[in-house]
Amino acid sequence: MTDFEKLGQFYLGKKHDLASGQTSVSDLVMYDSKDLTTHAVCVGMTGSGKTGLCLSLLEEAAIDGIPTIAIDPKGDLGNLMLTFPNLRPEDFEPWIEPSEAVRQGLSPSEMAKKVADTWTRGLSEWGQSGERIQRFRDAAEVAIYTPASNAGRPLTVLKSFNAPTSSQLQDAEAYRDRIMSAVSGLLALLQIQGDPISSREHILLSSLFDYFWKSGQNIEMGQLIQGITAPPFTKVGFLDLESFYPGPDRFKLAMMLNNLLSAPGFAAWLEGETLDIPKLLHTPDGKPRIAVISIAHLSDQERMFFVTILLNEILSWIRTQPGTSSLRAILYMDEVFGYFPPTANPPSKTPMLTLLKQARAYGLGCVLATQNPVDLDYKGLSNTGTWFLGRLQTERDKLRVLEGLEGAAASTGANFDRAKMEQILAGLGSRVFLMNNVHEDQPVIFRSRWALSYLRGPVTRQQIEQLMRPLKSASLGAQADSVSRSFAAPTNESPQENSRPVLPPGIAEAFFPVKGSPEKLLYRPALLGQARAHYVDSKSAIDHWDEVTLLRLAADGLGADPWSESEEWDEKDLPQLTAQPNDPNAIFRDLPKELLQKKPYSGWESALKAHIYRTHRLSIWKCPELKMASNPGETEAAFRIRIGQKAREQRDLQVEKLRAKYQSKFATLEDQLLRAQQRIEREKSQKSQKTLSAAVSIGGGILGALFGRKAVSSANLTRAGSAIKTASGMAKEADDIRQAEQSMEAILQKKADLEAKVEEEVQTIQHQLDPQFMTLEETDISPRKSDLTVNSVMLVWLPYQVTGSADSERAF
């Protein structure tokens with residue numbers, strides 16, 4: 001099969017003729033990945049093949065290195081994990097529906113054999129095989145996330161509502177929308193219909209969010225409950241707080257929220273990974289991911305709450321990304337019914353509408369699917385660039401879709417033939433779709449390709465657990481390996497004292513705050529060193545100051561160079577130190593004698609400088625092919641993600657340049673062919689039809705196969721040669737038109753040569769801009785010795801929880 005994935009082309013299916021009911025054998029329907037930045041809508045009734053088409057689109061995106069967040073209200077998207085490259089019956093058997101096997105009079109193993117044969121044959125008929133399934137599996141990880149459930153990877157949004165960044169705070173409209181959507185979602189969870197204008201619940205919560213976020217505070221649920229009962233302000237607008245919302249009434253609202261959070265079934269909402277969009281889109285090593293977020297197990301209120309928060313998080317994320325015209329990621333929703341209605345205004349609608357308006361500039365493509373076309377806000381979808389329309393159930397559905405298409409055409413200034421479109425919609429069958437793409441000259445009717453994933457239907461909770469068990473085990477293993485064993489109790493240390501040691505004048509001390517509420521607390525002495533290092537590299541445009549914080553447990557002594565055995569503490573995670581211990585009854589380890597003397601501290605400052613200069617390096621990754629360098633602190637995985645996006649942008653740009661460069665040349669040759677044809681017609685009119693077919697077969701074929709903007713034929717590359725032979729045959733048939741046909745033959749040869757040249761350039765683009773073939777070089781930059789600055793070297797006390805007779809774990 002043509003290696004079209006590297007050119008950003010998504011293979012969706014093959015052209016279909018409604019009049020004959022036949023699907024083309026060779027005319028592939030391709031879709032430019034960058035066209036998806038203007039978003040897409042897929043509409044079709046149950047049985048139309050809508051899910052199969054959308055899953056095929058996500059498969060194509062994954063093969064091209066595009067990650068996806070897929071919201072799954074029905075449970076169908078878990079099928080993306082059912083990929084079996086070997087196509088063996090035993091691979092399919094665990095996922096066979098036993099009731100279906102019984103209906104067909106087959107045993108589960110016989111049914112698995114039948115399904116495996118069907119999938120093998122189906123893939124082959126569509127030019128695919130197990131090798132392409134393996135390519136899909138290698139290209140991206142598929143994982144199922146289950147908010148408020150541990151069936152898949154648990155996901156929580158209730159641990160906190162993170163404060164917006166300073167740049168997000170400066171965008172007044174975006175900030176207001178974020179507060180409104182977050183509060184509306186929370187009230188929906190409480191089953192309160194809160195209007196942003198008239199509801200005092202909405203206004204109070206919005207005021208609390210505004211206060212905490214403008215103070216730079218993330219909002220924890222306990223903090224929010226306390227804020228409701230005792231707000232940190234005395235007025236709301238021009239009214240005093242008690243007149244606007246009396247204390248007893250606020251207490252009732254706080255109790256509702258507290259009762260919700262305290263309910264036994266609600267504890268699962270507080271468990272799992274914190275919602276983090278970059279971590280959903282890529283694995284820790286930078287591999288693209290299809291993050292299927294299954295919400296089928298949630299109530300309607302819980303779904304609305306979660307989807308609203310998720311959309312807001314995605315909106316916040318895209319605003320931190322650089323602009324691009326190439327596809328960066330996909331947001332897919334398998335059933336948008338109820339979340340984007342035409343008249344009502346649920347909490348999810350505002351962020352969804354904002355994404356449809358703004359996400360294009362950042363390379364996020366939104367794909368919305370529904371089998372309920374009547375309940376869509378078509379005015380909000382008027383800027384959607386691509387419509388995939390399958391079989392519709394009622395005339396009312398068709399009328400609503402036609403209205404939406406007409407609005408989309410009007411917004412782009414495109415022509416819209418309503419009568420023709422209505423006729424097409426009436427003739428669509430199973431897996432047959434109309435693709436109306438504003439980036440194309442005309443709509444295309446096609447049959448969707450065979451999916452690489454096994455489409456078994458909705459995946460149950462137990463099946464999600466089974467599918468995710470290997471991934472969850474690997475994740476737990478990685479977490480166990482990454483658990484810090486730092487600052488463990490030293491083997492040898494000074495004796496234990498029941499009272500806090502007394503320090504001589506001139507020696508400062510500070511205490512790390514305690515996490516949790518340990519019953520018995522022990523403090524160990526440590527040496528804290530804080531310094532600044534300056535890294536400069538003109539070739540990489542690096543000019544970076546780094547804060548370095550080192551901690552060394554004192555044990556029973558430190559020596560002249562304590563920093564060689566120190567451990568680094570991430571500066572951004574350094575807590576606010578206190579002047580007094582957390583527990584006045586805590587016990588203390590005794591201090592080594594050098595910590596009680598002032599003189600060693602100045603020596604440790606010099607040793608800290610020398611240690612940082614000798615051991616600390618700023619690692620920078622470079623990609624020579626794209627002339628890119630990583631940012632300070634950027635991981636290799638994050639840099640690879642950025643390289644992949646840059647490579648796609650360059651590839652899309654080169655493909656557009658290729659189109660612009662050669663389309664005029666092909667147009668010139670087409671004009672020359674037309675003139676040569678007219679000359680032949682004058683000489684011998686009966687040959688004209690044969691000549692015309694030869695010219696058209698090359699003109700349509702070369703432009704289609706190499707530029708991929710319309711239906712592409714896999715046979716196009718061979719048609720040019722056959723056309724040249726046809727022209728040569730005609731030249732031999734009549735001596736009186738030999739000269740005219742020789743002229744045409746020369747033009748056809750020019751087109752064949754031009755085709756070969758373009759194909760060579762395509763191969764060059766594929767090879768040069770494939771991230772897999774790009775090299776990464778790691779460079780270490782030393783700090784400037786003259787710029788090294790020590791901020792402080794001081795004694796600190798680290799808290800440990802004591803259990804039994806031994807102190808077993810850190811409490812900081």
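The axes of helix 13 and helix 14 (residues 349-358) come within 9 Å and cross at roughly 30°. This is a predicted model, and that angle is a computed value. Angles under 35 degrees count as roughly parallel, so helix 13 and helix 14 are described as roughly parallel to each other. The crossing of helix 13 past helix 14 is left-handed.

The residues behind this packing can be picked out on both sides. Helix 13 contributes Thr308, Leu311, Asn312, Ile314, Leu315 and Ile318, while helix 14 contributes Pro351, Met352, Thr354, Leu355 and Gln358. By class, the contact of helix 13 with helix 14 holds 7 nonpolar residues, 4 polar ones and no charged ones.

Helix 13 also packs against another helix. The axes of helix 7 (residues 172-189) and helix 13 (residues 300-318) come within 7 Å, crossing at roughly 165°. Because of that angle, helix 7 is roughly antiparallel to helix 13. The crossing of helix 7 and helix 13 is left-handed. On the helix 7 side the contact is made by Asp177, Arg178, Ser181, Ala182, Gly185, Leu186, Ala188 and Leu189. On the helix 13 side it is made by Gln301, Glu302, Met304, Phe305, Thr308, Ile309, Asn312, Glu313 and Ser316. The residues of the contact of helix 7 with helix 13 divide into 7 nonpolar, 6 polar and 4 charged.

Gln191 lies in the loop between helix 7 and helix 8 (200-214). Its phi is positive, about 60°, although Gln191 is not a glycine. Exposed means over 50% relative accessible area, so Gln191, at 61%, counts as exposed.

A second residue with positive phi is His39, where the value is near 75° and the residue is again other than glycine. His39 is found in the loop between strand 2 (22-32) and strand 3 (40-43). With a relative accessibility of 2%, His39 counts as buried, whereas Gln191 counts as exposed.

Two further residues illustrate contacts across the sequence. Gly247 is placed in helix 11 (residues 247-262). The cut-off for buried is under 20% relative accessible area, so Gly247, at 19%, counts as buried. The C-alpha atom of Gly247 is separated by 6.8 Å from that of Thr229, 18 residues apart along the chain.

Asp780 lies in strand 25 (residues 777-781). At 48% relative accessibility, Asp780 counts as partly exposed. Neighbours within four places in sequence aside, Asp780 is in contact with Arg617, Leu618 and Ser619. Asp780 and Trp621 are 159 residues apart in sequence, yet their C-alpha atoms are 8.9 Å apart in space.

The figures for the whole chain give the setting for these details. The secondary structure of the protein chain comes to 22 helices and 27 strands. Of the 812 residues in the protein chain, 52% are buried. Among contacts between residues at least 6 apart in sequence, 76% join residues at least 24 apart. The accessible surface of the protein chain comes to about 37,000 Å², with 49% of it belonging to carbon and sulfur atoms.

Technical notes: Residues are numbered from 1 along each chain as its sequence is written. This is a predicted model: local features need pLDDT of at least 70, side-chain atom pairs count only at pLDDT 80 or more; totals for chains, interfaces and linings use all residues. Side-chain values use heavy atoms; hydrogens and water are left out. Axes are lines fitted to C-alpha atoms, for helices over the stretch in contact, and angles run from 0 to 180 degrees between N-to-C directions. Helices (H or I, at least four residues) and strands (E, at least two) are DSSP runs, numbered from the N terminus. Angles under 35 degrees count as roughly parallel, over 145 as roughly antiparallel, 65 to 115 as roughly perpendicular and the rest as oblique. A crossing is left-handed if the near helix is turned anticlockwise from the far one by less than a right angle, and right-handed if clockwise. Contact means heavy atoms within 4.5 Å. Ala, Val, Leu, Ile, Met, Phe, Trp, Tyr, Cys and Pro count as nonpolar, Asp, Glu, Lys and Arg as charged, and the others, Gly among them, as polar. Buried means under 20% relative accessible area, exposed over 50%, partly exposed in between (1.4 Å probe, protein chains only). Accessible areas come from the Shrake-Rupley method with a 1.4 Å probe; for residues, only the protein chains shown count as cover.
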